[in-house]
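Biologist: I would like to go through this chain step by step, beginning with the whole and ending with single residues. Could you take my questions in that order?

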Amino acid sequence: MRDDAPNSWESRADRFSLYGFTDLPTIHDRGAVILTHGEGPYVVDVHGRRYLDANSGLWNMVAGFDHPGLIEAAQAQYARFPGYHAFFGRMSDQTVMLSEKLVEVSPFETGRVFYTNSGSEANDTMVKALWFMHAAEGNPQRRKIITRINSYHGVTAVAASMTGKPYNSVFGLPLPGFLHAPCPHYWRFGHPGESEAEFTTRMGRELEAMIIKEGPDTIAGFFAEPVMGAGGVIPPSAGYFQAIMPILHKYGIPMISDEVICGFGRTGNTWGCETYDFMPDAIISSKNITAGFFPMGAVILGPMLSDRMQAAAEKFEEFPHGFTASGHPVGCAIALKAIDVVMNEGLADNVRALTPKFEAGLAYLADHPNIGEWRGKGLMGALEAVQDKANKTPFAPGVSVSERIANSCTDHGLICRPLGQAIVLCPPFIMTDSQMDEMFNKLGDALKKVFAEVA
Ligand SMILES: Cc1ncc(COP(=O)(O)O)c(C=O)c1O
């Protein structure tokens with residue numbers, strides 16, 4: 001399978017890479033896939049093999065890998081003003097224009113924007129901003145952050161502490177004061193005989209119990225993804241946000257919507273909070289904000305946090321925070337173009353148009369006795385593999401069922417992602433009808449093959 005010659009791409013990658021979030025047995029067996037370029041939703045490797053990337057890179061390459069308008073926007077801005085920061089009251093014109101645009105397309109009437117290089121840093125920044133604001137307001141004890149079990153908020157020490165995944169224990173994380181409320185995944189965590197409505201009510205009750213136990217005036221903020229992405233594409237149970245928002249309001253806890261995946265069209269609306277009909281106090285954005293053409297994250301504060309943060313900054317005379325490349329002019333120029341491309345070139349419309357076919361494809365494959373559940377929203381979906389459908393029993397971890405399925409897909413020119421025992425699909429917004437057929441046909445073949453081997 002892999003080319004083991006000392007100078008093969010695979011060997012060179014092995015020799016010089018510290019692989020992150022990579023299953024090493026798979027790499028030892030198969031070698032890394034080294035890519036040279038992309039064409040629409042396809043990527044091409046050093047051996048000339050083409051893969052339909054059903055994961056849009058890492059959720060972000062929503063306009064495909066060669067969008068001419070985005071390439072042109074980057075080239076033009078590199079020629080005009082290739083780099084600057086946003087410290088000391090200086091910033092590029094593109095940065096100002098993007099902030100204006102982000103507030104305009106946000107659900108907020110007014111707001112302020114702070115830039116980072118990634119989604120993790122945007123969450124980290126938001127946590128620091130909350131700590132800063134509460135301290136300025138005379139509440140320095142308001143430091144605890146609540147997120148949910150199975151959530152993913154990134155990898156910096158703070159964002160990893162927010163992330164509700166067990167793998168962070170190898171780093172000695174979470175840091176103290178990072179709390180994880182229950183995960184609103186009804187299929188997996190509903191009690192026997194409990195209706196979805198009862199489950200949702202229980203989610204609210206358990207969140208409130210946690211707040212009361214910890215002390216409401218020690219909580220700095222609550223963060224949630226509208227649909228949990230890297231937790232395995234988990235849409236909330238029906239009415240979840242309507243159940244928890246009044247509780248957060250009751251205790252004066254700011255609600256932050258982490259829209260790194262859901263933002264800019266993924267769930268069928270510009271924002272996931274629109275899809276689920278709730279109004280957060282701030283939005284965390286990244287990934288699609290530049291259609292993956294530049295590393296960028298943004299904290300978009302709604303009016304309440306915007307006013308309070310500005311007052312806190314005035315009190316201390318500055319908000320002592322920023323990254324060298326915060327508000328990078330090339331990133332901002334690309335983001336301005338990406339927003340235009342997604343909203344005005346039919347990409348967001350295509351998400352909505354393709355969603356019924358996407359859901360039908362997932363539902364069709366979920367008929368298999370080894371698929372326990374299909375789930376999704378807009379163009380993000382997952383199929384959960386199970387050993388026993390009736391009892392929802394997972395496969396033994398040693399079976400590596402989702403890795404085998406993903407590897408079999410790769411062999412046939414389809415990239416999709418194993419997440420726990422689920423296979424995740426989040427195709428680019430430019431996907432066509434026939435490319436979607438190709439995606440489901442290849443995935444269906446892989447499922448048949450692997451389940452015949454392991455079931
Ligand atoms: C919801 C969410 N928040 C934050 C992040 C972290 O973003 P980054 O990888 O850019 O640091 C991710 C990444 O997948 C994410 O899905």
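Biologist: What percentage of the 455 residues in the chain is buried?

Modeller: Please keep in mind that this is a predicted model. A residue counts as buried if 20 or more other C-beta atoms lie within 10 Å of its own. Of the 455 residues in the chain, the share that is buried comes to 48%.

Biologist: How many helices and strands does the chain have, and what is its radius of gyration?

Modeller: The secondary structure of the chain comes to 16 helices and 15 strands. For 455 residues the globule rule gives 23 Å, and the chain is close to that value, so it is as compact as a globular protein of that length. The radius of gyration itself is 22 Å.

Biologist: Among contacts between residues at least 6 apart in sequence, what percentage joins residues at least 24 apart?

Modeller: The C-alpha atoms of the chain fill a box of roughly 65 × 60 × 45 Å, taken along the principal axes. Among the contacts within the chain between residues at least 6 apart in sequence, those that join residues at least 24 apart make up 71%.

Biologist: Which element gives the largest share of the side of domain 1 that touches domain 2?

Modeller: The domain assignment gives domain 1 as 33-66 + 346-454 and domain 2 as 70-344, and the contact takes 25 residues from domain 1 and 23 residues from domain 2. On the side of domain 1, the elements that give two or more residues are α3, α14, β11, β12 and β15. The largest share, five residues, comes from α14.

Biologist: Which helix gives the most residues to the shell around the ligand?

Modeller: Of the 14 residues around the ligand, those that come nearest are Ser118, Gly119, Ser120, Gly154 and Val260. By class, the shell has four nonpolar, eight polar and two charged residues. The helix that gives the most to this shell, with three residues, spans residues 119-136 and is α6.

Biologist: Which elements are included in what covers the buried residues of α15?

Modeller: Helix α15 covers residues 401-411, and its buried residues are Val401, Ser402, Arg404, Ile405, Ala406 and Cys409. Just after this helix, Gly413 takes a positive phi of about 85°. What covers the buried residues of α15 includes β12, β13, β14, β15 and α16.

Biologist: Is Ser434 buried or exposed?

Modeller: Ser434 lies in helix α16, which runs over residues 433-454. Because Ser434 has 8 other C-beta atoms within 10 Å, Ser434 is exposed.

Biologist: How far apart are the end C-alpha atoms of helix α12?

Modeller: Helix α12 has 14 residues, and at 1.5 Å a residue it should span 20 Å. The distance between its end C-alpha atoms agrees with this, as it is 20 Å.

Biologist: Is Val233 buried or exposed?

Modeller: Val233 sits in the loop between β7 and α10, and it has a positive phi of about 50° although it is not a glycine. Because Val233 has 26 other C-beta atoms within 10 Å, Val233 is buried.

Biologist: Where is Pro174, whose peptide bond from Leu173 is cis?

Modeller: The peptide bond from Leu173 to Pro174 has an omega near 10°. As for its place in the chain, Pro174 lies in the loop between α7 and β6.

How values were computed. Residues numbered from 1 in each chain as written. Predicted model: local features only at pLDDT ≥ 70, side-chain atom pairs only at ≥ 80, totals over all residues. Helix = DSSP H or I, 4+ residues; strand = E, 2+ residues; numbered from the N terminus. Buried ≥ 20, exposed ≤ 12 C-beta atoms within 10 Å, placed from the backbone. Near = placed C-beta within 6 Å. Nonpolar A, V, L, I, M, F, W, Y, C, P; charged D, E, K, R; others polar. Domains from an automatic or database assignment. Contact = placed C-beta atoms within 7 Å. Rg over C-alpha atoms; globule rule 2.2 N^0.38 Å. Expected span 1.5 Å × (residues − 1).
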